[in-house]
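User: Could you take a close look at the aromatic rings here and walk me through what surrounds them?

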Amino acid sequence: MAFPFLVGCGIQSLPQGKNSTEAALAEVSNQYKRRADLIPNLVNVVKGYAKHEQETLTAVTEARAKATAMNIDPSKVTPEQLAKYQQAQTGLSQALGRLMVVTEKYPDLKADQNFRDLQAQLEGTENRITIARQRYIESIKEFNNLVTVPPTSWTNSLMYHFEKMPQWDMTPEEKAQAEKAPEVKF
């Protein structure tokens, strides 16, 4: 006859609640780890694409500047001047050729899309962390209800002696920092 009483008194729900809360905290830590691993790698990928495109466009701009800066007076041309002029024009042709290869392979340059992808990943990662923290906060609330609300609180005081868990909070320094927008540097 005591069995039905034991089922509803918290003998199982208290340890299950504690386990759920610990698992929820582990998920918060997991999401922070994911962010710490993912974001620097994404930023490096974006930086790599941006650098490649910047180098290509810089080479074209510099070659164009050299080619257009050189003027030849046809009436006074020397073989050396003609060779320098042809070299400058060849440099521009080569730079444009590299740009054409890039634009053939990638009809539009990719850094812009990579920046948008990075923004989406940052937002998604922060959303995952927020959801994990929300679940942890809810899990703590549920556990604390088990510990403090009868009849499970009676079982807790007789058998387990679990204490209420502190709710998720930030230090004053973290709170001050959280009020500032995060900075992403390239």
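Analyst: **The aromatic cluster and its surroundings**

Let's start with Phe143, which counts as buried at 1% relative accessibility (buried is under 20% relative accessible area, exposed over 50%, partly exposed in between, with a 1.4 Å probe and protein chains only). Keep in mind that this is a predicted model, where local features need pLDDT of at least 70 and side-chain atom pairs 80 or more, while totals for chains, interfaces and linings use all residues. Residues are numbered from 1 along each chain as its sequence is written, and side-chain values use heavy atoms, leaving out hydrogens and water.

Rings of Phe, Tyr and Trp (its six-membered ring) pair if their centres lie within 6.5 Å; planes under 30 degrees apart are stacked, over 60 edge-to-face, the rest tilted. That rule gives two aromatic pairs. Phe143 and Phe162 make a tilted one, 5.8 Å centre to centre with 55° between the planes. Phe143 sits in helix H4 (residues 111-148) and Phe162 in the loop between helix H5 (152-160) and helix H6 (172-178), so this pair ties together parts 19 residues apart in sequence. (Helices are DSSP runs of H or I, at least four residues, numbered from the N terminus.) Tyr160 and Phe162 are stacked, because their ring centres are 5.2 Å apart and their planes at 5°. Tyr160 is partly exposed, at 25% relative accessibility. Phe143, Tyr160 and Phe162 form one aromatic cluster.

Phe143 also belongs to the largest nonpolar core, ten residues in all, with Leu14, Ile140 and Val147 among them (buried Ala, Val, Leu, Ile, Met, Phe, Trp, Tyr and Cys joined through side-chain atoms within 4.5 Å). H4 gives this core its largest share, six residues.

Note on methods:
Helix = DSSP H or I, 4+ residues; strand = E, 2+ residues; numbered from the N terminus.
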